[in-house]
Amino acid sequence: MLIFNQLSFSGDCDDEFIERVGVFQSPLYPDNYPNNTICKTLMKAPEGMVVQLDMLDFVLEYDGFNEGVCWSNWDTFRVYDGMNEDAPLLGEYCGDLIPGQFISTGMHLLVVFKSDDIVTERGYEAVVSFTSLT
Ligand SMILES: [Ca+2]
């Protein structure tokens with residue numbers, strides 16, 4: 001299994017592309033992610049397969065009172081069922097409830113992570129794999 005560690009984080013992880021099975025982590029994980037970050041990660045399955053994303057760990061900033069309610073101008077983790085942000089939104093997540101599993105309907109799954117300018121947390125770790133459509 002290949003490991004997608006972002007060991008040298010430059011402050012910008014836009015347009016990351018994952019085409020192989022591996023571990024997918026937030027910038028600097030397991031240390032806190034940086035402020036003012038946008039990470040767009042496009043995962044692409046081989047022909048005839050779909051992307052499966054299993055979340056193992058997840059902690060993002062949230063307001064501390066309304067678990068599961070995300071303020072879109074704070075820190076958010078969004079998953080889209082397709083190549084870009086016009087694709088169907090599978091969910092928007094924050095706080096410390098692990099979202100679980102995502103499976104794309106096509107070859108692509110897009111994750112968009114965004115942090116604002118204050119308060120960081122540990123972030124997320126997930127496993128990317130590909131499964132056959134039966
Ligand atoms: Ca924040």
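Buried residues make up 28% of the 134 residues in the chain. A residue counts as buried if 20 or more other C-beta atoms lie within 10 Å of its own, as exposed if 12 or fewer do, and as partly exposed in between, with C-beta atoms placed from the backbone. The model is predicted; local features need pLDDT of at least 70, side-chain atom pairs count only at pLDDT 80 or more, and totals for chains, interfaces and linings use all residues. Residues are numbered from 1 along each chain as its sequence is written.

Confidence is given as pLDDT, the predictor's confidence in each residue, from 0 to 100. The chain averages 84. A pLDDT of at least 70 is reached by 84% of the residues. Among the elements, strand 8 (residues 101–103) has the highest mean pLDDT, 96. Strand 1 (residues 2–4) has the lowest, 39. Over residues 1–11 pLDDT stays under 50. For residues 1–11 the model has 18 contacts beyond four places in sequence. Two residues are in contact if their C-beta atoms, placed from the backbone, lie within 7 Å.

The chain has 10 strands and zero helices. Both kinds of element are DSSP runs numbered from the N terminus: helices are H or I runs of at least four residues, and strands are E runs of at least two. From the N terminus on, the order is β-β-β-β-β-β-β-β-β-β. Among contacts between residues at least 6 apart in sequence, 70% join residues at least 24 apart.

Strand 9 (residues 108–114) pairs with strand 4 in the antiparallel sense, over seven bridges. Two strands are said to pair if DSSP finds at least two bridges between them. Within this pairing, Ile38 stands opposite Lys114 of strand 9. Cys39 has Phe113 as its bridge partner in strand 9. Strand 9 also runs antiparallel to strand 6, to which five bridges join it. Here Phe77 stands opposite Phe113 in strand 9.

In a regular strand the side chains alternate between the two faces of the sheet. Strand 4 (residues 38–44) has a covered face with Cys39, Thr41 and Met43. Its uncovered face holds Ile38, Lys40, Leu42 and Lys44.

The largest nonpolar core has 25 residues. Such a core is a set of buried Ala, Val, Leu, Ile, Met, Phe, Trp, Tyr and Cys residues joined through C-beta atoms within 7 Å. Val51, Leu60, Phe77 and Leu109 have the most contacts inside the core. Two or more residues come from each of strand 4, strand 5 (49–59), strand 6 (76–80), strand 7 (89–93), strand 9 and strand 10. Strand 5 gives the largest share of this core, five residues. Leaving aside neighbours within four places in sequence, Leu109 is in contact with Met43, Val51, Leu53, Val79, Asp81, Phe102 and Ser104.

Phe24 is found in strand 3 (residues 22–25). Phe24 is buried because 23 other C-beta atoms lie within 10 Å. Phe24 and Val127 are 103 residues apart in sequence, yet their C-alpha atoms are 5.8 Å apart in space.

Trp74 lies in the loop between strand 5 and strand 6. It has 17 C-beta neighbours inside 10 Å and so counts as partly exposed. Not counting residues up to four places away in sequence, Trp74 touches Glu61, Cys94 and Asp116. Trp74 and Asp116 are 42 residues apart along the chain, with 5.2 Å between their C-alpha atoms.

The peptide bond from Tyr29 to Pro30 is cis, with omega near 5 degrees. Pro30 is found in the loop between strand 3 and strand 4. Asn36 is placed in the loop between strand 3 and strand 4 as well. Asn36 is not a glycine, but has a positive phi of about 50 degrees. Asn36 is exposed because 11 other C-beta atoms lie within 10 Å. Val119 sits in the loop between strand 9 and strand 10 (123–132). Phi of Val119 is also positive, near 70 degrees, in a residue other than glycine. Val119 has 13 other C-beta atoms within 10 Å and is therefore partly exposed.
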